[in-house]
Amino acid sequence: MALGVISDTHGSVRPEALEALRGCERIVHAGDIGGADVLSELATVAPITAVRGNNDRGAWADDVPHERVIEFGGFSVYVVHEPAHVPDDVVARGYDVVVTGHTHRPSIERRDGVLFVNPGSAGPRRFTLPVTLARLWVADGALESELVEIVPPA
């Protein structure tokens with residue numbers, strides 16, 4: 001069971017991102033989507049859950065919530081675009097995973113027993129940051145994760 005995590009596409013879906021997400025049962029987009037067409041394209045790979053980013057504006061974004069909580073393989077996943085909007089009490093709320101975007105800096109780290117995942121940016125390259133997404137999966141009752149660089153550095 002795999003969960004694809006993508007963020008900051010800013011209006012385009014790279015073919016490499018679609019390929020990296022194939023085989024995922026579900027995709028989470030952590031904001032700065034850039035348009036409904038991005039969600040439609042990702043939905044050709046797997047069902048998608050998305051949150052709105054600070055750049056997601058217009059009628060298409062009106063129904064996209066700012067935060068979501070989903071269940072994945074028995075784990076509770078909290079999704080919001082900006083790390084500054086993560087509630088201080090994520091441990092008390094019982095979330096197993098917190099997914100954010102916004103910074104374009106990919107990271108996976110565990111804090112106080114909670115897995116924090118920022119898939120980085122799968123959209124246009126910014127500065128010298130890599131173009132990445134993340135995958136999560138459940139194996140033997142444990143949650144595993146990885147960052148996937150989808151475009152080699154220039």
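Which residue in β6 is the bridge partner of valine 77? The legends below treat this pairing and other close-ups of a predicted model.

**Figure 1. Pairing of β5 with β6.** The bridge partner of valine 77 in β6 is valine 97. The two strands, β5 and β6, run parallel and are joined by 3 bridges. Strand β5 covers residues 75-80, and β6 covers 97-99. Strands of a sheet pair through backbone hydrogen bonds, in either a parallel or an antiparallel manner.

**Figure 2. The open sheet that contains β5 and β6.** Its 5 strands follow the order β4-β5-β6-β8-β7, and the pairing is mixed. At the edges stand β4 (67-72) and β7 (107-111); each has a single partner strand, so one side of each lacks a neighbour in the sheet. On average, neighbouring strands here are turned by 20 degrees against each other, direction ignored.

**Figure 3. The aromatic pair of tyrosine 78 and tyrosine 95.** The structure holds 1 aromatic pair. The ring centres of tyrosine 78 and tyrosine 95 are 5.0 Å apart and the planes stand at 25 degrees, which is under the limit of 30 degrees, so the pair counts as stacked. Tyrosine 78 belongs to strand β5, whereas tyrosine 95 is in the loop between α3 (90-93) and β6; the pair therefore ties together parts that are 17 residues apart in sequence. Tyrosine 78 has a relative accessible area of 1% and is buried. Tyrosine 95, with a relative accessible area of 12%, is also buried. A pair of aromatic rings is described by the distance of the centres together with the angle of the planes.

**Figure 4. Surroundings of threonine 100.** Threonine 100 lies in the loop between β6 and β7. Its relative accessible area is 8%, so threonine 100 counts as buried. With neighbours within four places in sequence left aside, the residues in contact with threonine 100 are Ala30, Val80, His81, Glu82, Pro83, Val86, Val117, Asn118 and Pro119.

**Figure 5. Strand β1 and its two partners.** Is strand β1 largely enclosed or left open by the rest of the structure? In β1 (residues 2-6), 5 of the 5 residues are buried, so the strand is largely enclosed. Ala2, Gly4 and Ile6 point one way from β1, while Leu3 and Val5 point the other way. Strand β9 (residues 131-139) runs antiparallel to β1, and 4 bridges join them. Strand β2 (residues 26-29) runs parallel to β1, again with 4 bridges. Glycine 4 has a partner in each: arginine 135 is its bridge partner in β9, and isoleucine 27 stands opposite it in β2. From β1 the chain passes through helix α1 (residues 15-21) to β2, a β-α-β crossover that is right-handed.

**Figure 6. The open sheet that contains β1.** This sheet has 5 strands in the order β3-β2-β1-β9-β10, with mixed pairing. The edge strands are β3 (48-50) and β10 (142-151); each has a single partner strand, so one side of each is left without a neighbour in the sheet. From one strand to the next, the twist averages 20 degrees.

**Figure 7. Arginine 111 over a ring.** The charged end of arginine 111 sits over the ring of phenylalanine 116, at 3.8 Å from the ring centre. Strand β7 covers residues 107-111, and strand β8 covers 114-118.

**Figure 8. Two residues with positive phi.** Most residues other than glycine have a negative phi. Histidine 10 is not a glycine, yet its phi is positive, at about 50 degrees. Histidine 10 is placed in the loop between β1 and α1. With 24% relative accessibility, histidine 10 counts as partly exposed. Aspartate 112, also not a glycine, has a positive phi of about 50 degrees. The loop between β7 and β8 holds aspartate 112. Its relative accessible area is 70%, so aspartate 112 is exposed.

Technical notes:
Residues numbered from 1 in each chain as written. Predicted model: local features only at pLDDT ≥ 70, side-chain atom pairs only at ≥ 80, totals over all residues. Heavy atoms only, no water. Buried < 20%, exposed > 50% of the residue type's maximum accessible area, 1.4 Å probe, protein only. Pairing = 2+ DSSP bridges. Right-handed = clockwise from strand over helix to strand, strands pointing away. Phe/Tyr/Trp six-rings, centres within 6.5 Å; stacked < 30°, edge-to-face > 60°. Lys NZ or Arg CZ within 6 Å of the ring centre and 35° of its normal. Axes fitted to C-alpha atoms, helices over the stretch in contact; angles between N-to-C directions. Contact = heavy atoms within 4.5 Å.
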